[in-house]
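Q: Could you walk me through reading the features of this model, one at a time?

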Amino acid sequence: MISPHDGDFITLKILPDSWRIGYSSPMTKLLDKAIATVRELPPEMQDDVARMLLSLAGDEAPPIILSEAERAAIAVSKAAAVRGEFATEEQVRAMWAKHGL
């Protein structure tokens, strides 16, 4: 059954029963598509996306404290970017393939 609203919104009534749990209001078609896509990712990647979404939605999470090794790795990456050193298309494709994407 389609919502009485026109446009980009769908109602829970057209979602599979398994998806209705936890949703209390309509989602846009784009958000529904994004969630369906994220469901196909490995669990650790799903958690990463969930954290980003919650952060964007204003759900306050405690700050992540970086280790010295993580800070050093970020500094190395930033320096490489300043020098214009980026991954090749082949390297990017290999990384995506490694994670099944």
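Q: What volume does the largest pocket have?

A: A word on the source: this is a predicted model, where local features need pLDDT of at least 70, side-chain atom pairs count only at pLDDT 80 or more, and totals for chains, interfaces and linings use all residues. Residues are numbered from 1 along each chain as its sequence is written, and side-chain values use heavy atoms, leaving out hydrogens and water. A pocket is an open set of points on a 1 Å grid over the protein atoms alone, where a 1.4 Å probe fits, with protein on both sides within 12 Å along at least five of seven lines. Here the largest pocket has a volume of about 230 Å³, that is, the space filled by probe spheres set on points joined across faces, edges and corners.

Q: Which residues of the lining lie nearest the centre of the largest pocket?

A: Lining residues have an atom within 4 Å of a point. Of the ten in this lining, Ile35, Val38, Val49, Ala50 and Leu53 lie nearest the centre. Helix 2 (29-39) gives the largest share, five residues, and helix 3 also supplies at least two. Helices here are DSSP runs (H or I, at least four residues), numbered from the N terminus.

Q: How many residues of helix 5 are buried?

A: Buried means under 20% relative accessible area, exposed over 50%, partly exposed in between (1.4 Å probe, protein chains only). For helix 5 (residues 89-98), the count is zero among its ten residues. Gly100 follows helix 5 with a positive phi, near 70 degrees.

Q: Is Ile64 buried or exposed?

A: Ile64 is exposed, because its relative accessible area is 71%. Ile64 sits in the loop between helix 3 (43-56) and helix 4 (68-82).
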